[in-house]
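I opened the model today to look up its charged pairs and its nonpolar packing. My entries follow in the order in which I made them.

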Amino acid sequence: EFRQPPTKTQPLHTPNSTHTNMVTYTDADKIKTTWEEISKDGENNWMTLKYVDKEQLELSGVGTGGYEEFLQQLPEDDIVFGGFKVFGLDEEGENPRTKLIAVAYVPAGVKGLKRARAGPHKGEIMKMFHGFHVSVEANSLDDLSVDTLENKLSQSTGSHKPASYTWKQQ
């Protein structure tokens, strides 16, 4: 079920929710628009969100450099949520199909209280990346290796499995 993301600093959960940890965004409309652009073959192919305070996220990065550039946005000591696209190719290495990967990156270098505070937010935040093919909870860059991600992508596809993937912008 798709729910409209909140606007500006509106919480993601409904007013009758029992959640005590609210997530807000500095500009939810811009985040939603950016992800839609990435999803629909726009120029950008990755984006990241970072906390600006305990319960508010902002769009912290957007780019056209693909998977490698996305990885460069992931510090060893800060939580990042984001997503990027790769392309599945047929046996001839043609007919690219967009595959979207959503990431919750909480590295080992993040202190316990900050890690614990972000935990309840993950599910709601990942809803901002609607339409993803694979979601990954990563504690290190090793969790985002090409081999690991290709394995997850392969497990998530139906009868039309790509023969290979390209990690560069198409």
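**Salt bridges, then cores**

I began with Asp 78, which forms a salt bridge with Lys 114 in this predicted model, the closest N and O atoms being 2.9 Å apart; I count a salt bridge when a side-chain nitrogen of Lys or Arg is within 4 Å of a carboxyl oxygen of Asp or Glu. Asp 78 lies in the loop between α2 (66-71) and β4 (80-89), and Lys 114 lies in helix α3 (residues 112-118), so the pair ties together parts that are 36 residues apart in sequence. Helices (H or I, at least four residues) and strands (E, at least two) are DSSP runs, numbered from the N terminus. I then looked up accessibility, where buried means under 20% relative accessible area, exposed over 50% and partly exposed in between (1.4 Å probe, protein chains only). Asp 78 counts as buried at 18%, while Lys 114 counts as partly exposed at 33%.

For the record, residues are numbered from 1 along each chain as its sequence is written, and side-chain values use heavy atoms, with hydrogens and water left out. Because the model is predicted, local features need pLDDT of at least 70 and side-chain atom pairs count only at pLDDT 80 or more, whereas totals for chains, interfaces and linings use all residues.

By the rule above I find a count of four salt bridges. One of them joins the side chains of Glu 36 and Lys 32 at 3.9 Å, N to O, and both residues lie in helix α1, four residues apart, about one turn of the helix. Glu 36 is partly exposed at 25% relative accessibility, and Lys 32 is buried at 19%. Glu 124 forms another with Lys 127, with the closest N and O atoms 3.4 Å apart; here Glu 124 is buried at 14% and Lys 127 is partly exposed at 46%.

Next I asked which residues have the most contacts inside the largest nonpolar core. This core, a set of buried Ala, Val, Leu, Ile, Met, Phe, Trp, Tyr and Cys residues joined through side-chain atoms within 4.5 Å, has 23 residues, and those with the most contacts inside it are Tyr 25, Met 47, Leu 49, Phe 81, Ile 125 and Phe 129. Its largest share, four residues, comes from α1. I also noted a second, separate core of 19 residues, which includes Tyr 67, Val 136, Ala 138 and Tyr 165.

Last, I checked confidence: the mean pLDDT (the predictor's confidence in each residue, from 0 to 100) is 85, and 85% of the residues reach 70 or more.
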